[in-house]
Amino acid sequence: MKRAITLICTLLFATPAAAQELYLTNARIVDPAAKEIRDANLLIADGVIAGSPDRVPDGFRGETIDLAGKWVIPGLNDLHTHAYGNMAPGNTFDSPGTAVVARRMLYAGVTGFLDLFGREDVLYELRARQRAGKAEGADVYTSLSCLTATEGHCTEYGIETRTMNDPDEARAVVADLATKKPDVVKIIYSPSGSMPSVDRATLAAAVATASENGIRTVIHVDTWDDVWDAVEVGATAVTHVPHPEPMPEDLGALMAEKGVYSIPTLAAFVDLLAFIFDEEVLANELATRLTTPEIMAAYASDELRSSDVAWQDRTRGRRAAILASVKAMSDAGVTILTGTDSGNWATIQGYSEHRELMLLVEAGLSPWDALAGATTRAGEFLGRSFGVNPGDVANLVVLEASPIDDITSTQRIAMVIHHGVVVDREELLAESPN
């Protein structure tokens, strides 16, 4: 049954080229779900992992690729991004649009991403084109809109979004959005914030209506009280980590009991000092290939590097508090997923997914758990079968070294396979979509 459902989903999402067969030999398979590494071969057909035979099957007419002991992981997924492009200090922008960003993401081994607010019509049309096999790049999943109070967060960007201010309005707004089949519903909930917010009753009505329509919910939160409310009304996931207060001891257990996911978005919240002061970040080959020189140069400005020492200390304190809360959630049994909030400062679309993995490990998660949050558990959240086993979607990244020995090895990409097709990575950066 699992294989049949996966095959149906794969055919819905596959490109016309996905019919090719591949036989990958001499691979070191990294399985985040089982937390094991095995030496094996992989047979891929119709965009799905078909098996792990010891030899080429009879009648095989596809391509055989000897991986020579390289490491194979499931494709990575960024579950919180705004994929218009990149932004840096000094009002510096690299805004090629979501279609180009999707290609950059795939170059970086990010085979899928969840856009949690952009231009609704653009996201809807690009997703439709992809699923019809008419657009390349990482798979687009999206909330399409951002549901918020009138003049609440998301309304300040000059992009049309959907607003709701009472339970009846919430039910109507979510029901209307549901006709466009968003992959999730995103709701802003911040009653104690500086901008207007929906109240708990409105949040509850929106979450319930999304659930009635079979759609998961991601709640933007600012405080631990916000998290409590989101968990108690039945949200699927919360995004961001409240700070500087530590997580209440019993909240993690409640989140785990209710199966509520956390999408911390560490990259956007704790990585700014690294972008300013760490030359390895500014010179990183993957980062520099995924954005413009102007974006990278903006972080190396004399003004930023001479920033107030007290501000730097506060920033380091915020980083420590956020990482500690992520570890506390993980220890309590909460499933942590990777999401970068790319599109904000201190992020580069595609590259920051790898930074997010590093930050999760720095917080105290094992490389296995960090990798699962970007792959198999991300698939679970999206209702997809991502992994390295028969029946899983054949979205794979081949690495030069083990990400379990060193999580930074996810950046050492030898090959990307997307829906069973070996990707021409250079072409992804060289050509613009139609």
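Asp341 is buried, with a relative accessible area of 7%; buried means under 20% relative accessible area, exposed over 50%, and partly exposed in between, with a 1.4 Å probe and protein chains only. Asp341 sits in the loop between α14 and α15. Helices here are DSSP runs of H or I with at least four residues, strands are runs of E with at least two, and both are numbered from the N terminus. The phi of Asp341 is near 60°, a positive value in a residue other than glycine. Most residues other than glycine have a negative phi, and most peptide bonds are trans.

Before I go on, the basis. This is a predicted model, in which local features need pLDDT of at least 70 and side-chain atom pairs count only at pLDDT 80 or more, while totals for chains, interfaces and linings use all residues. Residues are numbered from 1 along each chain as its sequence is written, and side-chain values use heavy atoms, with hydrogens and water left out.

Next, another positive phi. Ala68 is not a glycine, yet its phi is about 50°. Ala68 belongs to the loop between β4 (63–66) and β5 (71–74). Is Ala68 buried or exposed? Its relative accessibility is 59%, so Ala68 counts as exposed.

There is also a cis peptide bond to report. The bond from His243 to Pro244 is cis, with omega near 5°. Pro244 lies in the loop between β13 (237–239) and α7 (249–258). His243 is 76 residues from Arg319 in sequence, and their C-alpha atoms are 9.1 Å apart in space.

Arg319 is part of helix α14 (residues 309–331). What does Arg319 touch, not counting residues up to four places away in sequence? The partners are Val270, Asp271, Leu359 and Glu362, where contact means heavy atoms within 4.5 Å.

That takes us to helix α15, residues 351–363, and its neighbour α16, residues 367–374. Their axes come within 9 Å and cross at roughly 145°. The axes are lines fitted to C-alpha atoms, for helices over the stretch in contact, and the angles run from 0 to 180 degrees between N-to-C directions. The crossing of α15 past α16 is right-handed; right-handed means that the near helix is turned clockwise from the far one by less than a right angle, and left-handed that it is turned anticlockwise. On the α15 side, the contact is made by Glu353, Leu357, Leu360 and Val361. On the α16 side, Pro367, Ala370, Leu371 and Ala374 make it. These residues divide into 7 nonpolar, no polar and 1 charged. The classes are Ala, Val, Leu, Ile, Met, Phe, Trp, Tyr, Cys and Pro as nonpolar, Asp, Glu, Lys and Arg as charged, and the others, Gly among them, as polar.

Leu357 also gives a distance to the next residue, Ala394. The two are 37 residues apart along the chain, and their C-alpha atoms are separated by 21 Å. Ala394 is in the loop between α17 (376–382) and β15 (396–399). Ala394 is buried, at a relative accessible area of 0%. Leaving aside neighbours within four places in sequence, Ala394 is in contact with Ile44, Gly47, Val48, Ile49, Ile417, His418, His419 and Gly420.

Which residues does Leu116 contact, leaving aside its neighbours within four places in sequence? They are Leu79, His80, Thr81, His82, Ser143, Ser145, Val184, Lys186 and Val218. Val218 is 102 residues from Leu116 along the chain, with 8.7 Å between the C-alpha atoms.

One more arginine. Arg104 lies in helix α2 (residues 98–107) and, at 13% relative accessibility, counts as buried.

Last, the chain as a whole. It has 18 helices and 17 strands. The radius of gyration is 21 Å, close to the 22 Å that the globule rule gives for 434 residues, so the chain is as compact as a globular protein of that length. That radius is taken over C-alpha atoms, and the rule is 2.2 Å times the number of residues to the power 0.38. The C-alpha atoms fill a box of roughly 65 × 50 × 45 Å along the principal axes. Buried residues make up 57% of the 434. Of the contacts with a separation of 6 or more, 72% join residues 24 or more positions apart.
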